[in-house]
Amino acid sequence: MSAEELRFTQSHEWVRVDGDIGTVGITEHAQKQLGEIVYLELPEVGHVYNAGDEFGTVESVKAVSELFTPVSGEVAEVNKGAIAEPGIINDDPFGDGWLIRLKLSTDQEVAQLMSAEDYARFVREEEQET
Amino acid sequence: MTAPAAAPSTLKRTPLYELHRELGAKLIDFGGWEMPVQYAGILEEHRAVRERVGLFDVSHMGELEFSGSEALAALQRLTPNDVGRLADGRIQYSAFLTERGTFVDDLLVYRKAADSYLVVVNASNTPKDFGWARERSRGEVRVEDRSDETALIAVQGPRAAALMARVAVPDPVDLPYYGFRDTSVGGAPTLVSRTGYTGEDGFEIYCRPEDAERLFRALLSEGEPEGVAPCGLGARDTLRLEAKMALYGNDIDDTVTPWEADLGWIVRMEKGEFIGRDALAAQKASGVPRKLVGFEMVDRGIARHGYSARTAAGGGVVTSGTHSPTLGKPIGLALLPRAAAAVGTDFSVDIRGRDGSARVVKTPFYKRSDAHP
């Protein structure tokens, strides 16, 4: 999966829109920062979120991190494979390591998120600050 | 996702700092020290130590030297274990306690000679311990902080002895558990002890800071046949927790007594006066209110340090929690009311607002099968 067609948040999630479905995951940078992921908590199908809401948590050995949805919508599908084998998020964060699929409430939000290029710049700046 | 903070630049560094960077370590602030938390990954490093051998930079640990004709008398007063039972070349796990019987720190006492001891303390406690010990040491005893002149490398795992046999003279394979002696490692003068914080067989090498990098490199290259791996503090934490070894600042601190920490074996009431003894006697007489226990999560998710616990006998607190790489499930330590501390007792942990169910289990979580003599 190429990062080019994805849109990104400052909290290091990505979304890929296909029709009225948005697939959400965490970025390569995020999985690297977390280290080996051992637990993943995701919502049930049917939950409705606004953009920026916490929809779950991802835990590595050292840290727990909240997950925030980049877009508003109703959970249509949850990646049960990633819950069972969270290491797949480390191995393939933009592909098999996706987290949830949302039926989008609006098509207006995605354009406001960062492009791959903007996100790469954002990560570089964030790293320089520390 | 919320990004973890990187280490600010005002931190202390060990002599191995540049090498850690070269080896691709992720560095974090650990008690004021910029230390490697991981190289290849915590789970992989954990496995390396359980199955092969791992190298740890633990140069941040503090070393206090006690010398003089009354050094023994001073240590007998400062620590609850019986230093009088130590022979030359032997080591004892012990503590400094407050007058309330709670931990100032936990530590190792090395007896070099009747009038010479090395006390190894936790990194972030070193200045506190040094001041505390010096104020309370009377008579013919000198207390000196040797931490800046001492680097420390831990070699841990079932193949640690095979690796040490090739680089150390004399071969430390015959050292008993908690024994030590002067040893030349890769030509450098060191003190080697058969100690560790992982639950595996292993050694700790005390050396001069200027020799540390060369030694670490030599152990890495000589250890290739053993599958040696540099390991960070992340794996050190999962390893020590599986072995139920207490971590100061997490499981024990100045609110916890050895009785509560299940470390009663380091308290020798019969040896005579020591700081904290009266309070410990009083707590024993009135009943120890809580106990440090091991638990497994029945539900998913890690119960971490500081999360509150609810038992049928009252509240408690999680002191350490992680994912156990060996068991493949979440484990932890918690201070629970004594009536809820029996193995098999169910309790719940508040995991960020959600009730997680947990169960008290037998510890250690992991015990190596080839117990060393």
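This is a predicted model: local features need pLDDT of at least 70, side-chain atom pairs count only at pLDDT 80 or more; totals for chains, interfaces and linings use all residues.

Visitor: Which residues of helix H3 of chain B are buried?

Guide: Helix H3 spans residues 71–78, and its buried residues are B:Ala71, B:Ala74, B:Leu75 and B:Leu78. They lie on the same side of H3(B), because the arc they cover around the axis is only 95°.

Visitor: Where is B:Gly68, and is it buried or partly exposed?

Guide: B:Gly68 sits in the loop that runs between S4 and H3 of chain B. Burial is read from a count of neighbours: a residue needs 20 or more other C-beta atoms within 10 Å to be buried. B:Gly68 has 17, so it is partly exposed.

Visitor: Which residues is B:Gly68 in contact with, beyond its neighbours within four places in sequence?

Guide: Those are B:Asp115, B:Glu140, B:Val141 and B:Arg142. As for B:Glu135, it is 67 residues from B:Gly68 in sequence, and their C-alpha atoms are 16 Å apart in space.

Visitor: How many residues does the largest nonpolar core have?

Guide: That core has 127 residues. Among those with the most contacts inside it are B:Phe66, B:Val109, B:Ile153 and B:Ile205. Setting aside neighbours within four places in sequence, B:Ile205 is in contact with B:Leu152, B:Ile153, B:Val155, B:Val185, B:Thr190, B:Val192 and B:Leu215. Another core, of eight residues, lies apart from the largest one, and B:Ile28, B:Trp33, B:Val37 and B:Leu233 are among its members.

Visitor: How do I read a sheet?

Guide: Strands of a sheet pair through backbone hydrogen bonds, either parallel or antiparallel. In chain A, six strands form an open sheet with antiparallel pairing, in the order S1-S2-S3-S9-S8-S5. Its edge strands, S1 (7–8) and S5 (48–49), each pair on one side only. S5(A) pairs with strand S8 (residues 73–78) of chain A over two bridges. A:Tyr49 has A:Gly73 in S8(A) as its bridge partner.

Visitor: How many residues does each chain give to the contact between chain A and chain B?

Guide: Chain B gives 19 residues and chain A gives 22. On the chain B side, strand S2 (33–38), helix H2 (42–51), helix H7 (233–242) and strand S17 (314–324) each supply at least two residues. By type, the chain B side has nine nonpolar, eight polar and two charged residues.

Definitions and conventions:
Residues are numbered from 1 along each chain as its sequence is written. Chains are lettered from A and ligands numbered from 1 in the order in which they are written. A residue is buried if 20 or more other C-beta atoms lie within 10 Å of its own, exposed if 12 or fewer, and partly exposed in between; C-beta atoms are placed from the backbone. Helices (H or I, at least four residues) and strands (E, at least two) are DSSP runs, numbered from the N terminus. The arc is that of the directions from the helix axis to the C-beta atoms. Two residues are in contact if their C-beta atoms, placed from the backbone, lie within 7 Å. Ala, Val, Leu, Ile, Met, Phe, Trp, Tyr, Cys and Pro count as nonpolar, Asp, Glu, Lys and Arg as charged, and the others, Gly among them, as polar. A nonpolar core is a set of buried Ala, Val, Leu, Ile, Met, Phe, Trp, Tyr and Cys residues joined through C-beta atoms within 7 Å. Two strands pair if DSSP finds at least two bridges between them.
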